[in-house]
Structure formats: structure tokens, C-alpha cells
Amino acid sequence: MTAELTTTDPGFAAAFAGLLAARAAFDTSVDPVVADILADVRDRGDAAVLEYTQRFDRVHLTTDTMRLDDETIDTAAGRVDPETLAALNTAAERITRFHEHQKPQDIAFTDPTGVRLGQRHTPVDAVGLYVPGGTAAYPSSVLMNAIPAKVAGVGRLTMVVPTPDGVINPLVMAAARLAGVDEIFRIGGAQAVAALAYGTDTIAAVDKIVGPGNAYVASAKKQVYGTVGIDMIAGPSEILVVADADNDPAWIAADLLSQAEHDEAAQAILITDDPGFAAAVAKAVEGHLATLHRTAIARTSWEHHGALIVVEDLLDQAPALVDRIAPEHLELAVADPDALAARVRHAGAIFLGRHTPEAVGDYVGGPNHVLPTSRGARFSSGLGVLDFMKRTTLLGCDAAALATIGPAAVRLAEAEGLGAHGLSVAIRLNMPRPDAAQPTTPRPDAAQPTTPRPDAAQPTTPRPDAAQPTTPRSTAAGRA
Ligand SMILES: NC(=O)c1ccc[n+]([C@@H]2O[C@H](COP(=O)([O-])OP(=O)(O)OC[C@H]3O[C@@H](n4cnc5c(N)ncnc54)[C@H](O)[C@@H]3O)[C@@H](O)[C@H]2O)c1
Ligand SMILES: N[C@H](CO)Cc1c[nH]c[nH+]1
Ligand SMILES: [Zn+2]
């Protein structure tokens with residue numbers, strides 16, 4: 001039964017905590033099964049991938065047919081009708097334009113001590129793009145994965161997508177071509193994530209795996225993190241709609257079902273300030289369920305994970321509840337959505353106003369639809385260009401700059417008891433050896449040198465280019 005909660009009910013706090021706890025427990029339930037699949041693929045490589053593909057996707061592949069060849073991709077893509085292709089192009093253009101704005105700026109400056117500081121961004125060399133395909137095909141997710149990778153300048157884009165019962169989706173192929181994916185393997189689930197992370201004889205390992213998927217995919221990404229990078233946990237879809245009674249219940253019911261229909265494990269929640277409106281939405285959900293073609297999935301999601309929450313005041317009470325749920329998608333169907341949005345801190349993506357159904361963002365809005373689920377929005381963000389780039393910092397001292405900041409480093413190295421750290425700075429500054437500072441009270445376990453180290457700094461004969469801590473060399477003025 002869909003949960004019904006009311007903030008004025010004395011049991012509300014416990015019921016709300018129970019709703020969050022049930023979700024968390026559900027999220028980890030597949031972890032052991034996935035761990036076994038990952039270990040098997042790591043041990044047996046292609047053979048394991050092919051066996052799991054046969055078992056879960058009911059398709060018999062070989063190492064030769066696992067990778068889609070150019071002819072198969074182009075033939076399939078060629079079957080897409082012009083109108084759908086035009087829609088795909090509209091989506092690609094809008095997604096590209098939005099993500100171009102995400103390109104980061106490098107940093108380069110010289111601070112007042114003469115130290116040169118910088119930060120630069122470089123793309124990841126090779127990424128694995130997970131495109132879901134178990135119960136629905138997701139050409140839109142091809143674009144959402146691949147376009148930011150291309151904008152970032154990633155070198156190799158390897159896409160994996162399951163083809164249940166051997167069916168190749170033409171629009172998925174067209175989207176891969178449009179977005180510039182380099183290679184496509186027709187595998188999915190935890191076994192595909194494992195192949196990308198560990199590599200097999202047929203599939204080269206990647207540096208990072210991104211993209212959405214069901215609970216098995218989400219768990220697999222979580223478990224291979226460290227061997228490879230991941231974007232976030234983008235598991236079964238979630239929507240939280242905050243709506244007042246001035247909405248058409250049928251619109252809001254459709255919005256809830258738009259995410260419920262993704263997966264039996266998806267979650268759709270309504271927060272409203274009107275019990276009558278909540279009842280009307282529940283009734284409208286039943287009406288829509290009678291007509292949708294993914295009714296069984298949507299109904300299971302709605303009944304097992306859905307919730308109707310009635311509060312007294314939306315502006316005052318909804319933001320705190322939203323932040324605790326930290327939904328993937330937050331739809332604000334109220335008169336002043338911006339005021340409400342300003343009070344919310346944790347949501348993957350926010351959809352403002354009655355005419356911004358979440359589904360428009362799934363396809364053509366521009367921002368990415370690969371978003372954190374399972375409360376991940378409390379600490380992570382939707383997929384973007386930065387997920388495909390790494391930051392490297394740069395630090396440059398000349399002799400005078402080192403003379404200015406170096407002594408503090410020597411002092412801190414001494415405080416940490418790390419003699420070589422202190423020495424590597426002091427030796428350039430012609431300072432006394434920091435680890436030779438207490439010759440009369442050696443640590444009981446310290447080695448007693450009998451002959452001075454030949455490379456020890458000689459305070460009386462400084463190297464000609466050594467910095468003078470007290471009187472910086474005049475050449476310091478010429479530093480870059
Ligand atoms: N958060 C996001 O950004 C986002 C975006 C798009 C889609 N999604 C989600 O992606 C998911 C797509 O799910 P899907 O199932 O259609 O496709 P999928 O590709 O994610 O999963 C299909 C794979 O799951 C594996 N699998 C299925 N049953 C299994 C079992 N019993 N044991 C082991 N492995 C099993 C199989 O290997 C199969 O190939 C949905 O949950 C949807 O909500 C999320
Ligand atoms: N709503 C999904 C993200 O949770 C993305 C999507 C793709 N196609 C339709 N919807
Ligand atoms: Zn969707």
C-alpha cells in the first residue's frame with residue numbers, strides 16, 4: 001500500500017524515519033549477489049560476462065559478437081524515422097549547449113610572496129558509459145552520458161548497453177553515432193560494470209564508469225569504486241513533487257508515474273498541504289494506471305515505495321522534509337516555486353513551476369538527467385563536464401619565494417617529526433639541518449651517525465644559488 005503520512009499525526013516523525021530507512025535497506029539488498037558477479041568476471045573475464053549475458057538478457061553472444069560492428073550500428077541507426085531523428089537532434093543540441101557552459105576555468109596567479117600557483121583541468125583518458133536497457137531503451141541516456149564526456153575532451157568513450165533477447169534499439173545506435181561514442185558492447189548489469197572496471201581479453205579497462213542503471217548497476221558501480229572512478233550512484237529513479245491544491249490532480253499524478261514507470265524499485269512521493277488534493281491525486285494515479293502500457297512496473301513502484309505526505313504549510317515545512325529525502329528530482333508545482341527552491345538544499349535537479357514537468361528535463365531541457373539517487377544528492381551532483389575532468393594543482397617557488405615560505409614548512413616538518421621533509425626545504429635555504437637540532441638528547445631508537453653525511457648542508461659554504469632566508473637575492477625581482 002502507498003504510504004500516507006500527515007505531519008499533525010503524533011506518529012509522523014517515526015513514520016517518516018521509517019520511510020527513509022526502508023529505502024536505505026532496499027538499496028543495499030542486492031550487494032551480495034553483485035559482489036559474486038564482480039568477483040567472477042574479475043577471475044574468468046569474457047567467459048563470465050558471456051554467461052551472465054545469456055542468463056539475464058537471454059542473448060547468446062561470443063567474444064566476436066559482444067562488440068557491435070560499424071555495419072550493425074549504422075544499419076540499425078538508419079531505421080530511425082526522420083521526425084524522431086529531429087527530436088534527437090534537438091535534444092543533443094540543447095544538452096551540448098548547456099554542458100558547454102559547465103567548462104571550468106583554469107587558475108594561474110602569483111601570490112604576494114612570489115609563489116606561482118595554479119590549477120589546470122585535464123580530461124580522463126577512457127570512460128565507460130553505462131546505458132540502461134533492461135526493461136526500456138534509453139537513447140536519451142546515451143546523449144546525457146556521452147555529450148559531457150565529449151565536451152570535456154575524453155579520449156575513448158566505451159558504451160555498454162544490454163540488448164535483452166537480442167533486440168538492438170535503433171535510436172540508441174543513432175544517439176551513439178550522433179554523440180561520437182567510439183565503441184559499443186551489447187552487455188549490461190553488474191557484469192558489464194565489472195568488465196569495464198577490470199578489463200577482459202575483449203574489453204579494455206576504462207578509468208571511470210558513469211551512467212544510470214537499476215539496483216544491480218548502482219551496486220556494481222559502488223563496489224568497483226577505487227579500481228576505477230565513478231560519477232555517483234544513479235540508481236532507480238525518484239521523484240518528489242511538492243504541489244498545492246491549485247494544480248490539476250491528473251497532471252501531478254502523471255508526473256509521479258513518469259518516474260514510477262522506470263522500475264519497480266523507483267520511488268514517487270507527493271508532499272501537499274491539502275488532504276483532499278492528496279486523495280484526488282491518488283485517485284488520478286489509479287485512472288492513469290489503467291491506461292499506461294508499463295502499468296505493472298509503475299503500480300508496483302507506487303504501491304511499494306510511493307508516499308503521500310500532508311503538511312500544514314508548504315513553504316515552512318516542505319523544505320526540511322525535502323532535504324531529508326534528498327530526491328533525485330524535485331518538482332515544485334506551486335505559485336512561487338523560486339521561493340521554495342531557495343529554501344531547499346539537497347536535490348539532484350529542481351523543476352520550477354506547474355509547467356515544468358520533470359519529464360521535459362529527461363529529454364530536452366539541457367541539464368543532465370543522470371542524477372544521484374538514494375539520498376546521494378546530500379553529497380553528490382548530477383553528471384556534468386567536471387565528472388570527466390581531473391584537477392591538477394601547480395606550485396612554483398624561486399629561491400626568494402622559497403626563502404619566504406620555506407622556514408614555516410621546516411618548522412611544521414619538525415613538529416611532525418619528519419626529518420627528510422624538513423631537510424629537503426632547509427637544504428635549499430642553507431638552514432641548519434632540522435633533524436640534527438637535538439644532538440645531546442637523541443631519541444633512544446635513533447641511529448647514531450659516526451661520520452657526517454657527505455650530502456649534509458655546510459652552513460659555512462653555501463651553494464652559490466642557495467636562497468638567503470633573511471636577505472632575499474636581488475634576482476627575486478625578476479621572477480615570473
Ligand atoms: N538516476 C538516474 O539518473 C537514472 C537515469 C535513467 C534511468 N535510471 C534507472 O535506470 C534503470 C534502468 O533499469 P533496467 O532494468 O531497465 O536496465 P539496466 O540496464 O539498468 O539493467 C539491466 C541489467 O540488470 C541485470 N539484472 C536484472 N535482473 C538481475 C538479477 N536478478 N540478478 C542480477 N542481475 C540482474 C541484468 O544484467 C540486465 O542486463 C531504472 O532503475 C531507471 O530508473 C536512472
Ligand atoms: N528519469 C530518468 C532519470 O531518473 C531519465 C530518463 C530517461 N528517459 C526517461 N527518463
Ligand atoms: Zn524518466
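Is Asn214 buried or exposed? I will start there and then move to the two ligands. This is a predicted model, in which local features need pLDDT of at least 70, side-chain atom pairs count only at pLDDT 80 or more, and totals for chains, interfaces and linings use all residues. Residues are numbered from 1 along each chain as its sequence is written, and chains are lettered from A and ligands numbered from 1 in the order in which they are written.

Asn214 is buried, because 22 other C-beta atoms lie within 10 Å. Buried here stands for 20 or more other C-beta atoms within 10 Å of the residue's own, exposed for 12 or fewer, and partly exposed for anything in between, with C-beta atoms placed from the backbone. Asn214 sits in the loop between β7 (208-210) and α9 (215-224). Helices (H or I, at least four residues) and strands (E, at least two) are DSSP runs, numbered from the N terminus. Leaving out residues up to four places away in sequence, Asn214 touches Pro132, Gly134, Gly235, Pro236, Asp263 and Ala265. Contact is called when two C-beta atoms, placed from the backbone, lie within 7 Å.

Asn214 also carries an annotation. An unreviewed UniProt entry gives the feature "binding site" at Tyr130, Gln191 and Asn214. These three span 85 residues in sequence, yet no two of their C-alpha atoms are more than 13.0 Å apart, so they gather at one spot. UniProt positions are in the numbering used here, feature names are shortened, and annotations may be inferred rather than shown by experiment.

Next, Tyr130. Tyr130 belongs to strand β4 (residues 126-130) and is buried, with 30 other C-beta atoms within 10 Å. Beyond four places in sequence, its contacts include Val160, Ala192, Ile209 and Pro212.

Now the ligands. Which residues are closest to ligand 1? They are Gly134, Gly188, Gly189, Pro212 and His262, out of 31 residues that surround ligand 1. Helices α3 (46-57), α8 (189-198) and α9 are the elements that each give two or more residues to this shell. A residue is near a molecule if its C-beta atom, placed from the backbone, lies within 6 Å of it. By class, the shell around ligand 1 holds 15 nonpolar, 13 polar and three charged residues. Ala, Val, Leu, Ile, Met, Phe, Trp, Tyr, Cys and Pro count as nonpolar, Asp, Glu, Lys and Arg as charged, and the others, Gly among them, as polar.

On domains: the shell around ligand 1 takes at least three residues from each of domain 1 (3-9 + 16-27 + 235-369) and domain 2 (45-232 + 386-390). The bounds come from an automatic or database domain assignment.

Last, some backbone points. Arg375 has phi near 70°, a positive value in a residue other than glycine. Arg375 lies in the loop between α15 and β14 (389-396), and is buried, with 21 C-beta neighbours inside 10 Å. Asn430, in the segment after α17 (419-429), has a positive phi of about 60° and is not a glycine either. Asn430 is partly exposed, with 18 C-beta neighbours inside 10 Å.
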